[in-house]
Amino acid sequence: PGMNRWRGWLRGCLVLLLLGGSPAGAGGEDPYPEFVADYDVRVNGIKVGSATFRLSHLERDEYLYRSEASKAGLGRLLGSDKATESSRWRLADGRVQVLEYQAHNADRDDDDNAHLLFDWDSLEVENRGAGEHWRIAMPAGTLDQMVMQLAMLFDLRDGKTEFRYPVATRGRIKEYRFERTGEEITELPFGDYRTVRLQRTDDQRDQSWVWSAPELEYFPVRFVKQ
């Protein structure tokens, strides 16, 4: 398979990301420390870009999880320079409750450049993004694709081994499923860490794995999609 299109975070023929910095501590009352993390993005072993992820504490006990991906080297031949995603959320009964999600990527379809608003009073989610607008019912615990990464991290800290997440995307609710499949040592630029490996189980065509480091509050240090 070729490198014909920049796919961004966890997308493409084969994407490998390695953490370039460890989480930085924040207030003890936060559900997770604020952090800035830099990743390398590789396709078939060749670096094509980088991605930066930030978790910030906003006002009114809300949080913003944001990513910005940019291309380098051969990646500059694959389309637009930058792609961003952000998820504004809060903690409700100890669980992530997403409020707003936005994605901007000139290389993706209009339907992928979503702007989702989550109404927890009516249990409905609405898209006001570039593609077709829609409003659908959602079950309790519905997430977006971005904040699902944090929800998985919290569940790992709680000792779970199987993970199910309803996610609002393209006018429907899609269930993502993962399971913990083992442990191994992962080599990082700042040291070797014991990591737990998770594998996505709801999609047999696209295989995905996540490696998280317990010593770093189960922070995800490596992702592969094939």
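**Group meeting: aromatic pairs, a helix and a pocket**

Let me start with the rings: the count comes to eleven aromatic pairs. The rule takes rings of Phe, Tyr and Trp (its six-membered ring) with centres within 6.5 Å; planes under 30 degrees apart are stacked, over 60 edge-to-face, and the rest tilted. Take F35 and Y65. Their ring centres are 6.1 Å apart and their planes stand at 75°, so this pair is edge-to-face. Buried here means under 20% relative accessible area, exposed means over 50%, and partly exposed lies in between, with a 1.4 Å probe and protein chains only.

Here is another pair. F190 and Y193 have ring centres 5.6 Å apart and planes at 65°, so they too are edge-to-face. F190 is partly exposed, at 32% relative accessible area. Y193 is buried, at 12%.

A word on the model. It is predicted, so local features need pLDDT of at least 70 and side-chain atom pairs pLDDT 80 or more, while totals for chains, interfaces and linings use all residues. Residues are numbered from 1 along each chain as its sequence is written, and side-chain values use heavy atoms, with hydrogens and water left out.

Back to the rings. Which residues form one aromatic cluster? They are Y32, F35, Y39, F53, Y63, Y65, W89, F154, F219 and F223. So F35 and Y65 from the opening pair belong to that cluster.

There is also a charge over a ring. The charged end of R222 sits over the ring of W211, 4.4 Å from its centre. The test asks for NZ of Lys or CZ of Arg within 6 Å of the ring centre and within 35 degrees of the ring normal. R222 comes up again with E187. Those two are 35 residues apart along the chain, and their C-alpha atoms are separated by 9.9 Å. E187 is found in strand β11 (residues 172–188). E187 is exposed, with 64% relative accessible area.

Now the overall make-up. The protein has one helix and 14 strands. These are DSSP runs, numbered from the N terminus: helices are H or I with at least four residues, strands E with at least two. Of the 226 residues in the protein, 46% are buried. Among contacts with a separation of 6 or more, 39% come from residues 24 or more positions apart. A contact means heavy atoms within 4.5 Å.

Next, helix α1. Is α1 largely enclosed or open? Nine of its ten residues are buried, so α1 is largely enclosed by the rest of the structure. The buried ones include M148, L150, F154 and D155. F154 is also in the aromatic cluster. After α1 comes G159, with a positive phi near 90°.

On to the second largest pocket. Its volume is about 210 Å³. The search runs on a 1 Å grid over the protein atoms alone, with a 1.4 Å probe; a pocket is an open set with protein on both sides within 12 Å along at least five of seven lines, and lining residues have an atom within 4 Å of a point. Grid points are joined across faces, edges and corners, and the volume is the space filled by probe spheres set on the points.

What lines this pocket? There are 14 lining residues, and R95, G141, A151, D155 and Y165 lie nearest the centre. β6 (95–105), α1 (148–157) and β10 (162–169) each supply at least two lining residues. β10 gives the most, with five. By class, the lining has seven nonpolar, two polar and five charged residues. Nonpolar covers Ala, Val, Leu, Ile, Met, Phe, Trp, Tyr, Cys and Pro; charged covers Asp, Glu, Lys and Arg; the others, Gly among them, are polar.

A quick stop at T84. T84 is found in strand β5 (residues 82–92). T84 is buried, at 16% relative accessible area. Leaving out residues up to four places away in sequence, T84 touches R66, S67, E68, Q102, A103 and H104.

Last, two loop residues. D61 has a positive phi of about 55° although it is not a glycine. D61 lies in the loop between β3 (46–57) and β4. At 56% relative accessibility, D61 is exposed. D93 also has a positive phi of about 55° and is not a glycine. D93 sits in the loop between β5 and β6. At 83% relative accessibility, D93 counts as exposed.
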